[in-house]
Amino acid sequence: MAGAVPNLCYSRQDVLDMVAASRRGGEQGLQSAIDDKNKQMSNVHVRIAVMGECGSGKSTLINALLDLDDDEAAPTGYNETTTKIAPYSRLSLPNVCYYDFPGFNMVKFPVKAFMKKTKFAEYDLGIIVIQQWTESDQLLANALKKAGKPFHVVRSKIDHIVTSESDKKGYNEDVMLRSVRENCCSSLEKAGMGKTRVFLYSSCKLKAYDFPELQKAMESDLSETQKQLFLLSLPNTSEDSINEKREVLRVSIEFMAAISAAIGAVPIPGLSLACDLVLIGSNILAMRKILGLDDGSLRKLSKRVGKSKDELRRDTEHTWVFGEIKREQVLLLLQRSTVAVALTVAEVVLDFVPILGSVFGATTSYWVTRRMLTNSLEEMVETAKIVLRNAEAAASATPGRAAGY
Ligand SMILES: Nc1nc2c(ncn2[C@@H]2O[C@H](COP(=O)(O)OP(=O)(O)O)[C@@H](O)[C@H]2O)c(=O)[nH]1
Ligand SMILES: [Mg+2]
């Protein structure tokens, strides 16, 4: 099991289509419907243009939205020299891509040529990151408008304002935030942008200010299928975000079970189980990565909050989640009591597990795959929430240490 991430985004309609295809055209109909859908899905992309002046916080925002590892992350800092648009995505979700635009306030930057060459229509939406609204921001907003693309304005580095204002007499955070929002909105209005919402954000505190609302606003600009991809790409900043991922993954499980049933219907002894094991194993790996429980994600989180991986895993019950997921482990998981319930319902005893696919064919294959993946997902979701709580506890015990919590 190579750990390749299979397609995890199918809509409820896709699953209904699959069922209809199998009723109409039997096994062959289902197979070709699955093939068609997979072709379609690999063509679904989410392309987000992130724009703004040098140093406004574009690259930092991209890293936060994608929760990128150090080695995949967009370089940050004030010495930006790039004059090219740089794409960033997660290895596991290459179809969600953020495009880091060069800042226009650089010396000798060929803005006119750049604007002429850039095809703004290629993006699904834009984000303009500001400290204050400038002429180049206006230029970019106009280009996006002309291309008929939605965009959002983000005011970054709110923590800087909090730090500089909080010592003042009579400081009230809500009043301060309202005034920053009003100032930003009125400068946009003066520039002829009309009433535009400005999202306040700090890369040091992703749960605070308007970062969650920004994610919701971005989501609402996308099509149903794009939305699912986008949700899976977001960081686990809250139990809500983990629950949203669970919903998307639950639908994908239905689809995987349907695929499994299609394979199970082929009367070749052993084929079904072998395929089921691959299907189940690769899906568990994919879901684990999406939920931030793979070794790489834990290492990154551990570095961020200053706690060891063991401390992050504290109080988690389902230790298999963190282990190796190979054919043997999937077989072992298959024999666990939670899955045995499903098997008992099908009047199958555990001794039959190795020949399940060939003996019981499509129906059993469907239920076993569905049950296995659903149980695994629930246990991973439970684990992800405990890891999140441990990370949050670590972050609040070490102020200033933990970006993103
Ligand atoms: N404290 C704080 N620093 C930030 C924030 N966003 C960006 N920065 C810092 O500001 C600098 C410029 O950010 P960067 O993302 O490289 O800006 P870009 O040129 O627009 O890509 C970097 O040193 C970042 O660490 C934020 O919300 N809070
Ligand atoms: Mg940058």
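Valine 50 stands opposite aspartate 100 of strand β3, and in this predicted model, where local features need pLDDT of at least 70, side-chain atom pairs count only at pLDDT 80 or more, and totals for chains, interfaces and linings use all residues, β1 and β3 pair in the parallel sense over five bridges. Residues are numbered from 1 along each chain as its sequence is written, with chains lettered from A and ligands numbered from 1 in the order in which they are written. Strands pair where DSSP finds at least two bridges between them, and the elements themselves are DSSP runs numbered from the N terminus, helices being H or I with at least four residues and strands E with at least two. Aspartate 100 is also the bridge partner of alanine 86, and β2 and β3, which run antiparallel, are joined by four bridges and by a hairpin through two residues. Six of the eight residues of β3 are buried (20 or more other C-beta atoms within 10 Å of a residue's own, with C-beta atoms placed from the backbone).

Helix α2 is largely enclosed by the rest of the structure, because nine of its nine residues are buried. These buried residues pack against β1 (46-52), β2 (86-90), β3 (93-100), β4 (125-130), β5 (151-155) and α8 (224-233), contact being defined as C-beta atoms, placed from the backbone, within 7 Å. The helix is followed by aspartate 67, whose phi is positive, near 50°.

The shell around ligand 1 comprises 20 residues, of which the closest are Gly57, Lys58, Ser59, Thr60 and Thr76, where a residue counts as near if its C-beta atom, placed from the backbone, lies within 6 Å. The elements giving two or more residues to this shell are α2 (58-66) and α5 (158-165), and α2 gives the most, with three. By residue class, the shell divides into three nonpolar, 13 polar and four charged residues, with Ala, Val, Leu, Ile, Met, Phe, Trp, Tyr, Cys and Pro counted as nonpolar, Asp, Glu, Lys and Arg as charged, and the others, Gly among them, as polar.

Beyond its neighbours within four places in sequence, tyrosine 98 is in contact with Ile48, Val50, Ile62, Leu65, Leu66 and Tyr88.

How values were computed:
A residue is buried if 20 or more other C-beta atoms lie within 10 Å of its own, exposed if 12 or fewer, and partly exposed in between; C-beta atoms are placed from the backbone. Two residues are in contact if their C-beta atoms, placed from the backbone, lie within 7 Å.
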